[in-house]
Amino acid sequence: MLKTRVIPVLTIKDLRLVKSVQFAEHRNIGSFIAAARVFNARDVDEMVVLDLDGRKSGLKPELLKEITKECFMPLTVGGGVRSVEDVQKLLSLGADKVSLNTEAVRNPKLISEASKRFGSQCVVVSIDAKKTANGYEVMIDGGRDQTGLSPVVWAKEAQKMGAGEILLTSIDHDGCMDGYDVELVREVSLVVSLPVIACGGAGNASHCVEVVQKGGASAVSAASMFQYTEITPRGIKEELAKAGIEVRL
Amino acid sequence: MASCSKRSDVIFHYGMTKTVAIIDYGMGNVGSVLNALAYLKVPALVTRNAEEIRCASHIILPGVGAFGEGMRNLREYGLIPLLEEVRQAGKPLLGICLGMQLLASVGEEGGEHEGLGFIPGRVRRFKVDEANVRVPHIGWNDVSPTADAVLFRNVSPLIFDFVHSFHLVPEDSAVVSATCNYGEEFVVAVQKGSVFGVQFHPEKSQKSGLAVLNNFLNYA
């Protein structure tokens with residue numbers, strides 16, 4: 001059976017590991033290299049590294065190399081990816097998948113170009129969504145700009161353009177540890193055949209069970225829960241297993 | 001020739017008999033494979049140089065991407081006759097993911113393409129109900145090896161990381177070393193003589209994957 005994955009997310013700003021609440025109030029919580037090493041040692045299923053400064057400065061290659069050197073699991077890297085050349089650069093530095101967000105909305109051809117060249121399996125389209133009066137809306141540029149797009153429509157389009165996976169983040173729940181936006185995840189996972197990674201809001205194991213069972217998520221990701229609490233990815237997987245969800249233990 | 005003998009000297013002096021050539025044909029994650037081999041403390045290099053490939057004791061054909069482009073690149077870099085030479089010499093060769101698929105005679109991804117033909121068979125897309133089974137097949141899945149499968153000796157847990165939409169269907173079931181179930185049962189590892197292939201990513205499958213690589217490197 002295919003396993004439901006548990007994925008720690010590392011967000012980086014000014015070359016430090018940070019954690020935000022609703023995409024604001026970024027708090028410096030230490031060295032991302034140290035954090036990556038801990039997750040490597042903990043035998044996690046997969047890891048996502050997002051560089052929030054990517055659009056202006058970009059991850060320093062030598063720092064990314066530090067992460068990939070002993071990373072024997074799939075690694076998704078994103079933040080400020082604007083071109084097929086950027087995708088190639090990250091892949092050559094040891095990323096297995098590259099996450100596209102703002103630029104993919106502005107120029108959806110980037111998805112098809114990247115998937116044609118490197119295969120759709122390494123193209124993750126990251127969607128940041130916010131609840132509005134008229135339903136959910138896709139936000140870009142770190143949650144600052146509205147797009148008028150619904151996540152359902154955009155996820156379908158991304159799949160058509162050749163995305164291999166959707167990383168779906170609820171801005172409203174980011175950093176709140178009050179549970180995933182299950183409705184958002186459900187809406188999106190119902191309309192695409194791609195795996196959907198739920199992100200934003202995880203605070204305990206029952207949140208993770210809920211978003212898999214009711215939201216249809218193929219994977220659960222979390223940042224605050226793993227940084228601010230004693231809960232480990234393995235602990236989450238043990239609880240998922242108790243709920244009858246297949247995991248890798 | 002110069003670079004070849006130089007490397008051999010180094011190997012000779014340090015008593016190293018194992019060296020790995022990771023074939024560089026512009027298809028994907030050679031860095032990850034190199035990192036895994038470094039962790040296993042096996043000298044390895046990423047190369048498309050004929051002499052370096054001839055000098056290596058083990059050859060890895062990695063790869064992420066599309067079948068047609070993979071074959072085109074192998075052809076463009078003159079690697080097809082070299083890989084044929086490796087096969088005929090009985091030197092252990094491991095194809096990973098797309099690298100395994102290219103061992104087949106035909107690939108169906110994006111139209112029909114001729115493969116290396118080391119493992120007679122076709123590479124086709126998952127034939128599953130895509131409304132219920134998500135394709136690509138991404139993530140960790142259980143693998144069932146045959147009793148005598150060299151690559152899986154003493155490997156546990158038998159769970160590996162996959163990322164693919166196509167898989168190899170060999171003509172001869174005798175080459176099958178392991179299968180997996182994802183909407184349909186499919187072949188995830190093959191062996192024919194000294195030619196091995198795995199559909200999953202051993203370099204990304206934590207300790208189980210490193211153990212599979214180790215078994216390959218111990219095959220001589």
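This is a predicted model: local features need pLDDT of at least 70, side-chain atom pairs count only at pLDDT 80 or more; totals for chains, interfaces and linings use all residues.

Residues are numbered from 1 along each chain as its sequence is written, and chains are lettered from A and ligands numbered from 1 in the order in which they are written.

**Contact between the chains.** Chain A brings 29 residues into contact with 29 residues of chain B, where contact requires C-beta atoms, placed from the backbone, to lie within 7 Å. The side of chain A that touches chain B comprises eleven nonpolar, nine polar and nine charged residues; here Ala, Val, Leu, Ile, Met, Phe, Trp, Tyr, Cys and Pro count as nonpolar, Asp, Glu, Lys and Arg as charged, and the others, Gly among them, as polar.

Leaving aside residues up to four places away in sequence, Val98(A) touches several residues, including Val77(A), Leu90(A) and Cys122(A).

Val6(A) lies in strand E1 (residues 5-13) of chain A; strands are DSSP runs of at least two residues, numbered from the N terminus. Val6(A) is buried, because 26 other C-beta atoms lie within 10 Å, and a residue is buried if 20 or more do so. Although Val6(A) and Val220(A) are 214 residues apart in sequence, they are 5.1 Å apart in space, C-alpha to C-alpha.

| Strands | Sense | Bridges |
|---|---|---|
| E4(B) and E14(B) | parallel | four bridges |
| E13(B) and E14(B) | antiparallel | four bridges |
| E7(B) and E11(B) | antiparallel | five bridges |

In strand E14 (residues 195-198) of chain B, Val195(B) and Gly197(B) point one way and Phe196(B) and Val198(B) the other, and all are buried. Leu93(B) stands opposite Val195(B), whereas Gly197(B) is the bridge partner of Val190(B). The hairpin of E13(B) and E14(B) has two residues between the strands, and in it Gly193(B) takes a positive phi near 65 degrees.

An open sheet of mixed pairing is formed by four strands of chain B in the order E6-E5-E7-E11. Strands E6 (113-114) and E11 (166-170) stand at its edges, each with a single partner strand, so one side of each is left without a neighbour in the sheet. Arg124(B) has His167(B) as its bridge partner in E11(B).

Technical notes
Two residues are in contact if their C-beta atoms, placed from the backbone, lie within 7 Å. A residue is buried if 20 or more other C-beta atoms lie within 10 Å of its own, exposed if 12 or fewer, and partly exposed in between; C-beta atoms are placed from the backbone. Two strands pair if DSSP finds at least two bridges between them.
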